[in-house]
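Please keep the sequence and the model in view while reading.

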Amino acid sequence: MQTSEKTLMRALAGESLPVPPVWMMRQAGRYLPEYRATRAQAGSFLELCYNPELAAEVTLQPIRRYGFDASILFADILLVPQALGADLWFVEGEGPRLSTITSAEDYAKLKPIEDIHETLAPVYETVRILSRALPQETTLIGFAGAPWTVATYMIAGRGTKDQGPARKLMYGDTGTFDRLMDKISDATAEYLIAQIEAGAEVVKLFDSWAGALPGAVFDKYAVQPARKIIERIHAVHPHVPVIGFPRQAGEKVIPFVEATGVAACGIDTSVDPAWAAKNLQPLTCVQGNLDPMLLVTGGDALVRSVKETAAAFADGPYIFNLGHGITPDADPANVDVMLKALRC
Ligand code: CP3
């Protein structure tokens, strides 16, 4: 099958389809027993990310089980900081930890951009395995974190409630902050281009903490970095669609879409589908935004929400997805319920 005939690619090209293409953020994850088994076999989450055979295996598991229209590469947004020289580890039950960047001296210790491929080579190998192994109708999505979201982890050394350490550096040492943002942007463009060259058909930029950026700097630190990364990708691969996900950016998704050239915009759970259908969908394909909690609770509320969400977006280009990643306590059987409600 030609890339251009796949349902996800058609939606990204602006087509409205009678049944929208569907995939889920974190579709390879701890809610699946087969994921937990492969992760145990790999040893740890990071060892899984850097093991191409096993990373490809967990990427394929939700495709085998559910037949989603797209498959997202199994990796993590924090591999880029690690490739730039940050220490990275995961604390079980808590989340990521990294060495911190709070000064010009810390920044100076990072590696040059050219060096990232040494660390990231196994990820490109995962992409190559997947592009051979996926069913012909399934689109392969590569991804990276957007510079602001990645910077929040590199500066604080962990996830934070209000991204305070990153905002502090932004105001307190703007020069260092801007150099760090530029470096992450350059690395991200190189990383995504390498994923495309290994076989990714679409790439997605996750700006999970976009909502924490003060309005006055949203353009500078969310819109412009995404615009520049997309421009660099399109300079070498003009037809590869990019999905943006400026999470919790509210109405600022409109200027984000207008200025960046994204082929689709992911929307989080807080966005009213009727508002997005009216204001965002005329500008771009919309992706989202079922509440992941419904996959924990299931039942009539799940069926009703799936149908209502899809109906709101039925008149324009649309990709069905969640408003954020599926959680470990979700019931795998509820994903079948979701797909049945959507597809018939
Ligand atoms: O969506 C997918 O299935 C593709 C793989 C993927 C993962 N992380 C795997 C993962 C993607 C696209 C990500 C993106 C990511 N990683 C983001 C942006 C999206 C979002 O969720 O907001 C962020 C902020 C991260 C950083 C990160 N990775 C955190 C904060 C955590 C810990 C929280 C948690 O859920 O445990 C991770 C770990 C992580 N990344 C897991 C998975 C499947 C769980 C790890 C495990 O198996 O223990």
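The sections below treat the whole chain, then its strands, and then several individual residues.

## The chain as a whole

The structure is a predicted model. Its protein chain contains 16 helices and nine strands. Along the principal axes, the C-alpha atoms of the protein chain occupy a box of roughly 60 × 45 × 40 Å.

Of the 344 residues in the protein chain, 58% are buried. Among contacts with a separation of 6 or more, 74% are between residues 24 or more positions apart. The accessible surface of the protein chain amounts to about 13800 Å², and carbon and sulfur atoms contribute 51% of that surface.

Strand β2 covers residues 88-91 and strand β3 covers residues 95-98. These two strands run antiparallel and are joined by four bridges. Within this pairing, L88 has L98 of β3 as its bridge partner.

Which residue in the turn of this hairpin has a positive phi? The residue is G93, with a phi of about 80°. Three residues lie between β2 and β3 in the hairpin.

## Strands β8 and β9

Strand β8 spans residues 285-290, and β8 pairs with β9 in the parallel sense over five bridges. In this pairing, Q287 stands opposite I319 of β9. N289 also belongs to strand β8. The peptide bond between G288 and N289 is cis, with omega about -25°.

Strand β9 spans residues 318-322, and five of its five residues are buried; the strand is therefore largely enclosed by the rest of the structure. In a regular strand, the side chains alternate between the two faces of the sheet. In β9, Y318, F320 and L322 point one way, whereas I319 and N321 point the other way. The residues of both groups are buried.

## Two loop residues with positive phi

R26 is not a glycine, yet it has a positive phi of about 60°. This residue is located in the loop between α1 (7-12) and α2 (33-42). Is R26 buried or exposed? Its relative accessibility is 54%, and because a residue is called exposed over 50%, R26 counts as exposed.

Q248 is likewise not a glycine, and it has a positive phi of about 60°. The loop that holds Q248 lies between β6 (242-246) and α12 (253-260). With a relative accessibility of 43%, Q248 counts as partly exposed.

T138 is placed in the loop between α7 (116-133) and β4 (139-145). Its relative accessible area is 3%; since buried means under 20%, T138 is classed as buried. Which residues does T138 contact, apart from its neighbours within four places in sequence? They are K6, I63, F68, D69, A70, S71 and E201.

I229 is part of helix α11, which covers residues 215-236. At 1% relative accessibility, I229 is buried. When its neighbours within four places in sequence are left aside, I229 is in contact with P147, S185, T188, A189, L192 and L205.

A274 lies in helix α13, residues 273-279, and is partly exposed, with a relative accessible area of 48%. A274 and A311 are 37 residues apart along the chain, and their C-alpha atoms are separated by 9.6 Å.

The second pair involves I229, described above as a residue of helix α11. I229 and V303 are 74 residues apart along the chain, and 38 Å separates their C-alpha atoms.

Methods: Residues numbered from 1 in each chain as written. Predicted model: local features only at pLDDT ≥ 70, side-chain atom pairs only at ≥ 80, totals over all residues. Heavy atoms only, no water. Buried < 20%, exposed > 50% of the residue type's maximum accessible area, 1.4 Å probe, protein only. Contact = heavy atoms within 4.5 Å. Areas by Shrake-Rupley, 256 points an atom, 1.4 Å probe, with all protein chains shown as cover. Pairing = 2+ DSSP bridges.
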